[in-house]
Amino acid sequence: MMRKSYYRKLAFMVLLLTILFAYQKYTSREKKSFPEVKFMMESSAPVSLSDFDPNTLSKEQWQQLGFTEKQVSTILKYKDIVGGQFVSKDQLEKCYAISEEKFSELKSFILLPETNEKSNPQNSNRFGKKAMVISGKLNPDKLSANDWVQIGFSEKQAEAILKYKNYLGGSFISKEKFKECFIISTENYTQLDPYLLLPAKTPENLKNLHRNTVLKSKISYHPFDPNTLDTEGWMAMGFSEKQANVIVNYRKRNLEEGFKTAEDLQKCFVISAEKFQELKPYIQIKERIKQQEQTDFTKTNLNAITFKQLLEFGLDERSAGSIIGFRKKLGGFMNKQQILDTYNIDKELVQKLVSLCPLDVSAVPKYSLAEAPEDWLKNHPYFKYSADKIIFYRITYPDDKKLWKFLKLKPEYEERMKLYVK
């Protein structure tokens, strides 16, 4: 009988140890936590768009497209990761800082091929599958969209070729530059090369300045005020119609008073640094003289009256500064007598002011003693000397009636404090 009892106890202990071991093993299992995924949302501010190369945009220009500073930082880091150059729209779309909606908005303005032909050999002839028809020697600078279609390109491809030509400044300059057009595949170029009326290489003096040289030959600059220039006026300065519209819309939507200085033009992302330097000597912004409207003091709230308006009424700077400063400390005046009690003022003139102006107290903050913020109590002129007592007593007695009894204030002090108590 004793043996049977012994074996039962032994079996029970083994079972208990097995359960404890299994429980320990289960609870000590390493739990892998998934990284928190944060989605970055773009700014909802309306943006005026025109064709752009994402490889040439600065931080400021990305922000002008509607991205936040943090998103721009992410985009530029992504650009470094992919080799310092975006090679296609597909590649740019993979940047997680650019949402699907934002990419759809920008896509038609991005001067990049849809995909990277080098990384997708099977698509390398995507632009050249249609047989090309070349009747003889041709100058690509003089071909229209219809001419490119007749050669064998689609209408969209023809438009893209013309956009690229305009991006270069209105001329392909050389075969070398023509070959760089992303619409022209290697196969296309091989077929076109013998017929192109262009020099083989880009002249050294035009490699970096060809765009500006072509444009300068067509533009006659003259002094102008950017606040009065319309779309046609900006086009005469060498901008495309889209760019000109962007500048006009930028001025109307973002600048209530127009461009104040020549440097303000640089903030519009369609005006490059080089273009700005060309325009700068001719910019003449006329100063706009504003007629100062006289204040109607019978409708001016004493809790909102400004320093300038007090000066306009006739107060000197010391009196005006004292009133504004005291009002700020109080959080607003609750009665007109407080204004008259302000130090360092011209009381006679201030008496005229308070008798003329209304006082709106609806926006002045009020608290109960039990709930008033500590900072507010310690900084308010009427409460700061009793702040420590209020904070101490309300821990035990969070009731205003009891707190007033504990404070034991002079009636006049209690009366002015109650102006700011609920």
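A search of the whole structure, a predicted model, finds 10 salt bridges, a salt bridge being a side-chain nitrogen of Lys or Arg within 4 Å of a carboxyl oxygen of Asp or Glu. In this predicted model, local features need pLDDT of at least 70 and side-chain atom pairs count only at pLDDT 80 or more, whereas totals for chains, interfaces and linings use all residues. Residues are numbered from 1 along each chain as its sequence is written, and side-chain values use heavy atoms, with hydrogens and water left out.

Helices (H or I, at least four residues) are DSSP runs numbered from the N terminus, as are strands (E, at least two). E263 is partly exposed at 37% relative accessible area, and K280 is likewise partly exposed at 36%; buried means under 20%, exposed over 50%, and partly exposed in between (1.4 Å probe, protein chains only).

Within helix 5 (residues 100–106), E105 and K102 lie 3 residues apart, about one turn of the helix, and their side chains form a salt bridge of 3.7 Å, N to O. K102 is buried, with 1% relative accessibility, while E105 is partly exposed at 34%. In a further salt bridge, between E414 and K418, the closest N and O atoms are 2.9 Å apart; K418 is partly exposed at 41% relative accessibility.

K89, K107 and E114 are linked in a network of salt bridges. K89 belongs to helix 4 (residues 89–93) and is buried, with a relative accessible area of 8%. A polar contact of 3.4 Å connects the side chains of K89 and E114. Such a contact is a pair of N or O atoms within 3.5 Å; within protein, one must be able to donate a hydrogen and the other to accept it, and residues adjacent in sequence count only if both atoms are side-chain atoms. Beyond its neighbours within four places in sequence, K89 is in contact (heavy atoms within 4.5 Å) with F103, K107, I110, L112, P113 and E114.

In helix 20 (residues 400–407), D400, L403, W404 and L407 are buried. These residues lie on the same side of helix 20, because they cover an arc of only 100° around the axis, taken from the directions from the helix axis to the C-beta atoms. K401 and K405 are exposed on the other side. Helix 19 (387–396) and helix 21 (411–417) are among the elements that cover the buried residues. K408, just after the helix, takes a positive phi of about 50°.

V248, in helix 12 (residues 241–254), is buried at 7% relative accessible area. Its contacts, not counting residues up to four places away in sequence, are L229, D230, T231 and W234. V248 and W234 are 14 residues apart in sequence, with a C-alpha to C-alpha distance of 8.5 Å.

For the chain as a whole, there are 21 helices and 0 strands. Buried residues make up 39% of the 422 residues.
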